[in-house]
Structure formats: structure tokens, C-alpha cells
Amino acid sequence: MITENILPRKQLEFNAAMDRYQKNIGYKLFSIYISLVNTFTPFLLFFLYDFNGLSTLTVLAAIFIAYIAADFINGIVHMMLDNNDSYTGLTGPFVASFHLHHRTPVYKKRNILLVYFFESGSKIWLTVYLVLLFALLITHPLPATIALLLILFAVFSCLAEVSHYCCHTESNMFTRMLSSVRILLPKSHHVQHHTNDNKRYAFLNGISDPLLDIIASFLFKGYKNNTDLHYAKYTGQETANR
Ligand SMILES: [Zn+2]
Ligand SMILES: [Zn+2]
């Protein structure tokens, strides 16, 4: 029987994946394409759809449900990526670059609109969702309330990246106020994702973390003794946002 120490192999695969990520311009161009679709498709749908008949209460309910759904689903995606150690193949460089948010949680400071645009470039799953949603809403119009909820979910999924950015990088009064009322992600809540293991994957406002923590404890062993070790020998460049 052949025994193999998995860690050195994973570290080599990680470094090779980051090398491809940094050297192949195709990954950067693809991220910009993803950012363009994720940023502008929801606003195109807002423009094309007629929401005039909706009451204020209905709109507020759609915002509330979409916000919680975005916190939960983005937390699930974060959980799956943090525990993904597949660095080979076409998607490997995206997985490897994602793991570096644990090594360097603080972002480079930049305009908040640029954060919204560029950070949405890692959300390939959201692009698939938006392309399907666009095709659905154009060919089979849904009730306006449902359409609004589904579009808002996409906007809040991108906003989740801004919330995570603010949590680590901004300390102005406005973002502190929004996080204190739990619209954005509070630092005191999210810090456990980085100090503990397999905890607090939500990053819009963290409201769904109690449920996500239970799901994570069933599905995964955590990142501290797993994927976090895979970048230990990486000495190359950070990602563009760090
Ligand atoms: Zn993480
Ligand atoms: Zn974080």
C-alpha cells in the first residue's frame, strides 16, 4: 500500500494554482466579466420589470427576506469554499486565491463602489443565478413581489462582500453605526471566523450564523488544520484586493 503525506502535495498544488492565477491574464479578465454581470444585471432587471403596484409593506418584506436569504446562502458558499482543497483544474486558482482571505483579512482601502464591483468578481455562482433569473423573468414573468425578492437577493449577495470589507477595513462612524444595528457585519461577531475554526461563515450581517455553525459542524472538520495549512509555504503575491 502506498502511503502519502497529503500536506506537502496540497501545498505544492496550492502554489501552482496561485502561480496560474497570477500569471494567466484570463483569470483576471474572467473576474471582470463576472463583476460586470453581477453588478449590472440586477439593475437592468429593476429597469425592465414593473414594480409600481407593490405596497411599501410588500417591498419591506421582500427586502427583509432577501437580506436574510443572502446572508445564509453566501455563508453556505463561503463554507464550501473555505473547506475546498481542489487546486488543480480550471477552477483551482479561484479556490486557492479565495483561501488567502484567512492569511490577510484586511483589504486594501478603496472606494466603496469599486469594492462592490471588484469583490463581486469572485461570485461565479451568482452569475449563473443571474443569467438563469434573467432568462426566466424575460420569458415567464413572475409576480412582482417574487421577482423583486429574487433580484434583491443578487444585490445583497454583492453587498455582503462590501459588508465583509467594512468589517475588516473601515472604522468610520457610518459603518460602525450600521454594524451596531446589525445591517452590516459586526466586527465583534465576525472575528470568531478568523480566531476559531469552522465558525461564523455568514458575512452580510451574520444573522444566520447560528444555523450555519450547526450545518458546518455536520459537514466539515474546519479550515485551521486543513486548507489554512495549504498556503503556509506560499510566498508569492497577494491577490489584487489585499
Ligand atoms: Zn473564510
Ligand atoms: Zn473575515
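Modeller: Asp 19 counts as partly exposed because its relative accessibility is 37% (buried is under 20% relative accessible area, exposed over 50%, partly exposed in between, with a 1.4 Å probe and protein chains only). This is a predicted model, in which local features need pLDDT of at least 70 and side-chain atom pairs count only at pLDDT 80 or more, while totals for chains, interfaces and linings use all residues. Side-chain values use heavy atoms without hydrogens or water, residues are numbered from 1 along each chain as its sequence is written, and chains are lettered from A and ligands numbered from 1 in the order written.

The partner of Asp 19 is Lys 23, in a salt bridge of 3.1 Å, N to O (a side-chain nitrogen of Lys or Arg within 4 Å of a carboxyl oxygen of Asp or Glu). Both residues lie in helix H1, 4 residues apart, about one turn of the helix; helices are DSSP runs of H or I with at least four residues, numbered from the N terminus. Lys 23 is exposed, at 67%.

Helix H1 (residues 6-23) also holds Lys 10 and Glu 13, 3 residues apart, whose side chains form a salt bridge at 3.4 Å, N to O. Here Lys 10 is buried at 10% and Glu 13 is buried at 17%.

Lys 109 pairs with Glu 170, closest N and O atoms 3.4 Å apart. This pair links distant parts of the chain, 61 residues apart: Lys 109 is in the loop between H4 and H5, Glu 170 in the loop between H7 and H8. Lys 109 is exposed at 59%, whereas Glu 170 is buried at 14%. The structure holds 7 salt bridges.

Technical notes:
Helix = DSSP H or I, 4+ residues; strand = E, 2+ residues; numbered from the N terminus.
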